[in-house]
Protein chains: 2
Amino acid sequence: MDFERIQMRLDKLLAENRKGELRGALSMLNEVDIAEYMGGLDNEKMLVVFRLLPKDIAADVFAYMDTDQRQRVIEAMDDNEAMRLVDDMFIDDAVDFLEELPAGVVKRMLKGCDEKKRALINQFLRYPENSAGSIMTIEYMELRIGTTVGEAMTEIRREGVDKETIYTLYVLDPQRKLLGTVPLRKLLLAKDDTLVDQLMNTQFVCVHTTDDQEVVADTVRKYDLISIPVVDHEERMIGIITIDDIVDVIEEENTEDFEKMAAMIPSEDEYLKTGVFRLAGNRFIWLLILMVSAIFTGMIITHYEDLLKNSAATFGVVLTACIPMLMGAGGNCGAQASTLTIRGLALGEIATRDIYKLLWKEARVGSIVGFALSLLNFGLYRILYRQPVSVAATISAALFLTVLLAKALGCALPLAAKSVRLDPALMASPLITTIVDACSLLILFTIATNVLSL
Amino acid sequence: MDFERIQMRLDKLLAENRKGELRGALSMLNEVDIAEYMGGLDNEKMLVVFRLLPKDIAADVFAYMDTDQRQRVIEAMDDNEAMRLVDDMFIDDAVDFLEELPAGVVKRMLKGCDEKKRALINQFLRYPENSAGSIMTIEYMELRIGTTVGEAMTEIRREGVDKETIYTLYVLDPQRKLLGTVPLRKLLLAKDDTLVDQLMNTQFVCVHTTDDQEVVADTVRKYDLISIPVVDHEERMIGIITIDDIVDVIEEENTEDFEKMAAMIPSEDEYLKTGVFRLAGNRFIWLLILMVSAIFTGMIITHYEDLLKNSAATFGVVLTACIPMLMGAGGNCGAQASTLTIRGLALGEIATRDIYKLLWKEARVGSIVGFALSLLNFGLYRILYRQPVSVAATISAALFLTVLLAKALGCALPLAAKSVRLDPALMASPLITTIVDACSLLILFTIATNVLSL
């Protein structure tokens with residue numbers, strides 16, 4: 001059944017206030033779809049539906065809602081109802097949600113919950129933004145060293161219900177230091193009296209609470225993990241991060257790169273939900289920097305004023321007319337090289353030590369592409385525009401050198417940024433285009449001056 | 001212990017041919033790290049290390065190697081040894097690897113393996129590239145409807161060793177139609193005589209063998225799954241796709257978008273491993289298209305030749321000098337709007353029906369940004385370049401209109417592409433820049449002509 005028909009059916013039950021049937025219909029749906037359906041309802045109806053959901057389902061549905069929806073649900077509830085909801089959520093989801101609320105509301109809500117949970121939430125709220133600590137969950141399944149498989153299974157049956165995952169178990173020493181990990185499948189396949197010590201994998205990888213989420217994502221991706229343990233600076237186990245949260249981090253980091261590469265300050269909010277002034281602010285700084293640097297390009301043109309006004313065989317106007325083509329080609333070639341370099345760095349396929357390999361490769365690619373484009377360009381100016389050989393050759397030579405330069409800058413600048421610990425994504429198309437723009441004009445005018453004086 | 005020190009230690013053991021110790025040292029490492037270490041060795045040493053690995057570890061390490069490394073290992077083996085290796089791999093890894101080999105070698109290797117496996121591999125090799133079928137695995141754990149929890153656990157203990165995941169179990173009817181999924185945790189927490197029918201989740205999501213991998217990734221991401229079942233056109237269960245493969249798909253699709261948005265034909269190979277001519281080919285077509293379309297921009301300039309040669313108060317040269325600034329700002333604004341739109345579409349945050357919302361938002365953002373830039377620009381031309389009000393106003397007005405136009409095109413074109421089922425990523429910066437370049441010149445020259453004739 002497709003989503004629209006489901007929606008119509010639910011709308012009908014809701015409109016006719018047939019609550020029992022509505023509850024039954026909702027129980028047929030996935031939590032993600034319920035959240036999506038509720039997003040289209042007005043405040044009053046949304047709350048009716050929300051209150052019909054079983055407690056544990058409601059907490060899950062709430063976790064899948066976006067910021068707006070959550071605010072609307074919370075506003076319609078009293079503090080007690082809201083606090084009970086937070087209590088039913090996994091700690092990482094609860095903290096995510098509390099971070100969105102105004103500080104006053106958080107304080108009021110935390111007042112209502114027991115001391116242990118309050119201390120925990122406060123601890124989470126203190127982890128730096130985008131750190132491993134801020135995205136981890138503490139609902140993991142731990143085992144003491146020396147436990148037998150039989151004891152472990154009993155413990156899992158007793159405590160596993162509330163854990164975010166029980167598919168990897170963490171073996172700790174009495175000081176809570178992480179000694180090893182045991183996949184549940186190994187436990188299932190082992191004899192009851194075996195010690196977990198013998199089954200555990202001691203070559204596990206882990207991250208620290210203060211590690212950036214990008215480091216966490218890279219590690220999980222590299223080792224094909226479905227969860228990763230998080231330890232503090234004394235190697236004591238604090239929590240785990242599960243792959244579903246990592247997938248979100250990967251998409252977030254990719255979006256950040258896309259935004260930086262298009263000359264914007266990255267924003268974590270969804271586009272349609274970000275205010276107009278905020279959006280304008282994110283874009284303005286880079287536009288300003290790039291506009292001001294275009295002053296240099298303008299100065300180059302002004303400097304060669306006489307050349308452009310030269311009336312011999314309309315040389316001047318032809319030169320002016322070829323500027324957009326030259327800048328366009330340079331910008332596009334730079335964008336190609338820088339995009340491949342930035343992406344290669346992000347995926348770990350390229351390292352800064354590869355710079356000579358890269359430059360050599362781009363030099364060859366640039367020569368092939370540049371030669372082909374210049375040849376076509378020469379033909380174009382000779383045949384279509386009926387220009388003399390000197391003019392066609394001048395423009396073609398400038399094009400060839402511009403392509404080469406753009407390719408070289410496109411791979412060198414992101415690598416340079418990386419080696420001084422700047423984000424390579426900043427050295428993308430907009431900045432490189434601006435530099436190549438100025439250089440391509442200098443190349444064009446220098447060649448033109450020499451050719452004219454022949 | 002960091003990787004370099006591990007490497008030195010292993011190198012020493014290898015050089016002194018202390019095989020027993022080397023085997024012990026290797027057993028301390030993760031498969032991913034072993035593959036990385038082996039990547040730095042020459043053919044002979046690599047094979048020595050590879051043959052020291054236990055059979056099951058060797059198959060895993062092999063799956064983590066890149067194409068080059070695998071080729072080197074296989075070349076050094078005889079066919080029997082190679083076929084045994086393929087036999088130890090999960091079917092999806094084996095097929096991935098066989099797809100890289102020349103057809104002759106595949107044929108020879110398949111000859112050596114039993115008929116059932118051969119039929120299976122042949123079936124996999126027939127699924128379209130990048131389809132769900134091509135990335136799925138058949139090593140999943142299935143249960144018949146009517147099985148009790150106790151029976152199910154026995155079955156998992158007996159057959160679970162060879163399955164890629166046992167954390168989700170699939171309940172089938174006698175016709176192999178998928179009826180529901182049961183998470184292993186539910187089985188563990190239930191009584192032995194409960195029927196799996198009562199535990200299974202019937203609101204599962206699944207994909208079809210012919211679905212594109214991008215659809216699969218979107219579904220897994222939306223529903224926070226760790227694996228997803230794959231069914232054929234008669235809804236019969238065929239295989240599953242696990243999240244670690246989905247993470248690779250997500251990165252692959254992102255790379256494709258990055259490449260398309262930088263005017264390249266996407267390539268699935270790593271940059272450093274792609275040939276120079278192949279790279280040049282991927283980049284040439286778009287550069288050519290964009291260069292040829294720059295002819296129009298050149299024609300516009302030639303058309304306004306008289307205006308540019310106008311000597312009144314150096315109006316002509318000032319107009320020429322502002323072209324790079326105008327084009328740069330237009331290009332950057334277009335890139336910003338199109339990047340946000342393309343990314344929003346890819347993440348499902350924006351739909352084509354949002355076009356009016358988007359246009360209205362970009363119109364406001366463009367007005368704010370455009371007004372601020374124009375104001376600064378006006379000041380710049382009045383104070384720094386000492387130009388009359390008419391010149392400064394002409395350029396500033398052209399800038400404002402260019403920014404607005406770039407923002408509008410930047411969000412409209414990707415949405416238009418999407419609505420006619422083209423990839424929105426094609427409507428990115430390079431193409432939009434070319435269009436905006438031409439338009440911005442028309443705007444500038446039209447205003448200039450009117451101002452001059454005042």
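**Exercise 1. Is A:Leu399 buried or exposed, judged by its C-beta neighbours inside 10 Å?**

Solution. Begin with the ground rules. This is a predicted model, in which local features need pLDDT of at least 70, side-chain atom pairs count only at pLDDT 80 or more, and totals for chains, interfaces and linings use all residues. Residues are numbered from 1 along each chain as its sequence is written, while chains are lettered from A and ligands numbered from 1 in the order in which they are written.

Step 1. A residue is buried if 20 or more other C-beta atoms lie within 10 Å of its own, exposed if 12 or fewer, and partly exposed in between, with C-beta atoms placed from the backbone.

Step 2. Apply them. A:Leu399 has 27 C-beta neighbours inside 10 Å, so A:Leu399 counts as buried.

Step 3. A:Leu399 sits in helix α21 (residues 389-419) of chain A. Helices (H or I, at least four residues) and strands (E, at least two) are DSSP runs, numbered from the N terminus.

Step 4. List the contacts. Two residues are in contact if their C-beta atoms, placed from the backbone, lie within 7 Å. Leaving out residues up to four places away in sequence, A:Leu399 touches A:Leu326, A:Ala329, A:Gly370, A:Leu373, A:Ser374 and A:Asn377.

**Exercise 2. Check the length of α19(A), then describe the helix.**

Solution. 

Step 1. Work out the expected span. The rule is 1.5 Å times one less than the number of residues. For the 32 residues of α19(A) this gives 46 Å, and the end C-alpha atoms are 46 Å apart, so the two agree.

Step 2. Look for a bend. The bend at a residue is the angle between axes fitted to the seven residues ending there and the seven starting there. α19(A) has a kink of about 30 degrees at A:Cys322, shortly before the proline A:Pro324.

Step 3. Check the cover. In α19(A), 32 of its 32 residues are buried.

Step 4. Look past the end. Just after α19(A), A:Gly348 has a positive phi of about 75 degrees.

**Exercise 3. How many residues does each chain bring to the contact between chain A and chain B?**

Solution. 

Step 1. Count. Chain A brings 87 residues and chain B brings 87 residues.

Step 2. Find the main contributor. Helix α19 (residues 315-346) of chain A gives the most to the side of chain A that touches chain B, with 18 residues.

Step 3. Sort by type. Ala, Val, Leu, Ile, Met, Phe, Trp, Tyr, Cys and Pro count as nonpolar, Asp, Glu, Lys and Arg as charged, and the others, Gly among them, as polar. The side of chain A that touches chain B then divides into 51 nonpolar, 17 polar and 19 charged residues.

Step 4. Take one residue from the other chain. B:Gly328 is in helix α19 of chain B. It counts as buried because it has 25 C-beta neighbours inside 10 Å. Beyond four places in sequence, B:Gly328 touches A:Leu290, A:Ala294, A:Thr433, A:Thr434 and A:Asp437.

**Exercise 4. Which residues touch the most other members of the largest nonpolar core?**

Solution. 

Step 1. Define the core. A nonpolar core is a set of buried Ala, Val, Leu, Ile, Met, Phe, Trp, Tyr and Cys residues joined through C-beta atoms within 7 Å.

Step 2. Name the residues. The largest core has 128 residues, and A:Leu326, A:Ala329, A:Val403, B:Leu326, B:Ala329 and B:Val403 touch the most other members.

Step 3. Follow one of them. B:Ala329 touches A:Leu287, A:Met291, B:Leu373, B:Leu399, B:Thr402 and B:Val403, not counting residues up to four places away in sequence.

Step 4. Find a separate core. Another core, of 74 residues, lies apart from it, with A:Ile135, A:Leu187, A:Ala217 and A:Ile241 among its members.
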